[in-house]
Amino acid sequence: QVQLVESGGGLVQPGGSLRLSCAASGFAFNRYAMTWYRQAPGKERELVAFIGGSTNYADSVKGRFTISRNNVKNTVYLQMNSLKPEDTAVYYCNVKLLPNREVWGQGTLVTVSS
């Protein structure tokens, strides 16, 4: 069974940092690109960061967020620094196993507030 489980969310003050983790199971993790998305209240889900042969970031997080992976632990990470209130969202991990099959985690809530 393919599964993605996110963790690491929480409440943080503006300017603070958090590291999100996404533990993967049920597929050959090292063969697939992984993506972090987020969805803020009342907004559409948006891509935050991607890691495959290279990494890509949304313009809004470039220079503040870093995506990485550990293929031994089957885990992808999102290090988030200099957090802003507009980073408040539910963060989701995603993998596209086939063109018409993608898997989502349950999400982890990040709240940036003083």
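Colleague: Which residues form one aromatic cluster here?

Modeller: Phe 27, Phe 29 and Tyr 32 do. Bear in mind that this is a predicted model, where local features need pLDDT of at least 70, side-chain atom pairs count only at pLDDT 80 or more, and totals for chains, interfaces and linings use all residues. Residues are numbered from 1 along each chain as its sequence is written, and side-chain values use heavy atoms, with hydrogens and water left out.

Colleague: Why are Phe 27 and Phe 29 called a tilted pair?

Modeller: Rings of Phe, Tyr and Trp (its six-membered ring) pair if their centres lie within 6.5 Å; planes under 30 degrees apart are stacked, over 60 edge-to-face, and the rest tilted. By this rule the count comes to four aromatic pairs. Phe 27 and Phe 29 come out at 6.3 Å centre to centre with 55 degrees between the planes, so they pair and the label is tilted. Both Phe 27 and Phe 29 are buried.

Colleague: What makes Tyr 37 and Trp 104 a pair that links distant parts of the chain?

Modeller: Their rings are 4.9 Å apart, centre to centre, and tilted at 55 degrees. Tyr 37 belongs to strand 4 (residues 34-39) and Trp 104 to strand 10 (residues 101-104), 67 residues apart. Strands here are DSSP runs (E, at least two residues), numbered from the N terminus.

Colleague: How do you know whether Tyr 37 is buried or exposed?

Modeller: Buried means under 20% relative accessible area, exposed over 50%, and partly exposed in between (1.4 Å probe, protein chains only). Tyr 37 has 14% relative accessibility, so it counts as buried. Trp 104, at 30%, therefore counts as partly exposed.

Colleague: What makes you say that the charged end of Arg 45 sits over the ring of Trp 104?

Modeller: The rule wants NZ of Lys or CZ of Arg within 6 Å of the ring centre and within 35 degrees of the ring normal. For Arg 45 the distance to the centre of the Trp 104 ring is 4.4 Å, and the charged end of Arg 45 also sits over the ring of Tyr 92, 3.9 Å from its centre.

Colleague: How do you know that strand 3 and strand 8 pair?

Modeller: Two strands pair if DSSP finds at least two bridges between them. Strand 3 (residues 18-25) and strand 8 (residues 75-80) have six, in the antiparallel sense, so they pair. Cys 22 stands opposite Val 76 in strand 8.

Colleague: Why are strand 1 and strand 7 called edge strands?

Modeller: The open sheet has four strands in the order 1-3-8-7, with antiparallel pairing. Strand 1 (3-7) and strand 7 (65-70) each pair on one side only.
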